[in-house]
Amino acid sequence: NRHHQALVDKAQQYFPGGSNGNGPLSPEHGFVIASGQGAHVYDPEGRAWLDYLLGSGPMILGHGHPEVVEAVREQLDKGTTFFFLNDKAIELAEAIVEAMPCAEQVRYTSTGSEATFFALRLARAYRGRDKILKFEGGYHGSHDYAMMSTEGTPIRPYPQPRRGSAGIPKSLENEVLIAPFNDLEQTTAIIEAHHDELAAVIVEPFQRALTPVAGFLQGVRALTDKYGLPLIFDEVVTGFRFAYGGAQEHYGVTPDLASVGKIVGGGYPLAAVVGKKEFMAPFVTPDADGMVVGQVGTLNGNPIAAAAGLATLRVLRQPGSYERLHAVGQQVREQLTATLREHGVAGQVIGDGPIFQLIFNERDSVHTYRDTLDHDTDKNRIFHDALLQNGILKSASKGYISLVHSDEDLEETAQVFDKAMAEVAK
Ligand code: PMP
């Protein structure tokens with residue numbers, strides 16, 4: 001189709017590397033998304049993919065959910081943005097506070113990256129120190145602190161591979177300590193050794209596709225309590241997904257501050273830093289130098305995004321939503337495990353709730369980021385290419401399930417998994 005090819009060619013011309021920095025739709029696959037409806041997305045020729053990408057997570061109700069569309073349409077008639085308090089932003093803040101255990105107050109941003117950025121800034125202002133502890137492999141967005149190398153803090157026996165991103169000031173390396181996710185012993189050693197330099201600990205309660213091992217989050221909470229360190233949960237992915245109250249409800253550990261994004265904006269650019277009043281206070285209470293945490297943004301609390309978020313939360317609050325999301329997640333993980341066995345392919349199926357992932361390796365279990373790096377990249381590529389060729393869209397790093405994936409969709413998925421695994425086993 002010439003129109004489609006022309007779009008791909010234009011993308012090659014106008015974006016560095018031919019894509020806008022977003023993984024699976026990269027030029028080697030040569031396709032562009034033109035629309036989405038329910039659990040499917042379509043290219044300009046109308047070819048369909050069953051969507052386990054969900055726009056990288058926000059579209060938990062699927063594409064074009066009628067209640068969300070209606071809410072957005074209604075708001076469009078009333079105004080697009082005001083740079084001033086609006087009714088929808090206030091109503092959404094109330095819904096967030098009702099939902100999330102740690103949330104007494106809310107401050108909007110436009111992206112999840114900004115939300116984690118301001119959570120860190122708040123914590124540093126609160127504690128009057130600069131250094132933060134994050135976890136190996138933790139992704140908290142695209143700003144400098146979040147993109148710091150994931151090299152481990154040198155407490156033996158824990159030297160880690162160096163991975164990071166170009167263009168980050170070298171001076172920031174001194175501002176970040178890194179512990180291994182799901183390794184409470186090493187984390188304890190690092191916090192015990194460095195607690196008097198630390199401003200905060202930031203963790204994804206469920207990291208990428210890794211479930212926290214029993215006692216890990218509780219242990220981190222106990223350590224941060226012991227040393228008076230603010231604990232930040234990055235719930236950009238998990239917020240409103242694992243439970244209505246996020247991972248903090250699902251795993252039963254309450255942080256002091258959290259970042260939320262993706263689902264909370266219903267697919268529009270809206271995210272937030274939320275937390276206990278005491279920890280949100282640096283936004284308004286001057287520190288020893290008379291300074292408050294500076295945070296504004298032209299589009300923050302945008303009423304269209306807030307209307308979409310409110311409608312999304314309203315649907316998610318209906319009885320049975322989370323039971324369905326968890327049941328489908330479990331079913332997809334079981335399908336994948338069965339497919340691995342049937343084809344005699346070594347691997348692990350990981351994930352929790354409506355998130356699943358497959359790691360091609362020979363291990364008995366996968367708990368840490370280091371474990372996930374030990375995988376067969378060829379098999380992973382063959383599997384994911386075969387999914388795309390057979391009508392399933394999924395990022396190579398995780399799969400997201402929506403409320404509108406039907407039982408028929410799951411049957412189709414099982415068949416495609418089988419086909420793709422046959423390619424891997426060849
Ligand atoms: N934190 C986590 C855990 C994320 O997965 C992401 C994005 N995938 C972000 C923060 C950043 O959010 P955004 O892409 O909206 O800036």
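Which residues in α5 meet which residues in α6? In this predicted model, L184, T187, T188 and I191 are the ones on the α5 side, and they meet F216, G219, V220 and L223 in α6. Sorted by class, the residues of this contact come out as five nonpolar and three polar, with no charged ones.

As for geometry, two packed helices are described by the angle between their axes and the distance between those axes. Here the axes of α5, covering residues 184-194, and α6, covering residues 216-226, come within 10 Å and cross at roughly 10°. Angles under 35 degrees count as roughly parallel, so α5 is roughly parallel to α6.

Zooming out, the protein has 13 helices and 14 strands. Its C-alpha atoms fill a box of roughly 65 × 60 × 45 Å along the principal axes. For 426 residues, a compact globule would have a radius of gyration near 22 Å, and the protein agrees with that because its own value is 22 Å. Some 47% of the 426 residues count as buried. Among contacts with a separation of 6 or more, 73% come from residues 24 or more positions apart.

Definitions and conventions
Residues are numbered from 1 along each chain as its sequence is written. This is a predicted model: local features need pLDDT of at least 70, side-chain atom pairs count only at pLDDT 80 or more; totals for chains, interfaces and linings use all residues. Axes are lines fitted to C-alpha atoms, for helices over the stretch in contact, and angles run from 0 to 180 degrees between N-to-C directions. Helices (H or I, at least four residues) and strands (E, at least two) are DSSP runs, numbered from the N terminus. Angles under 35 degrees count as roughly parallel, over 145 as roughly antiparallel, 65 to 115 as roughly perpendicular and the rest as oblique. Two residues are in contact if their C-beta atoms, placed from the backbone, lie within 7 Å. Ala, Val, Leu, Ile, Met, Phe, Trp, Tyr, Cys and Pro count as nonpolar, Asp, Glu, Lys and Arg as charged, and the others, Gly among them, as polar. The radius of gyration is taken over C-alpha atoms; the globule rule is 2.2 Å times the number of residues to the power 0.38. A residue is buried if 20 or more other C-beta atoms lie within 10 Å of its own, exposed if 12 or fewer, and partly exposed in between; C-beta atoms are placed from the backbone.
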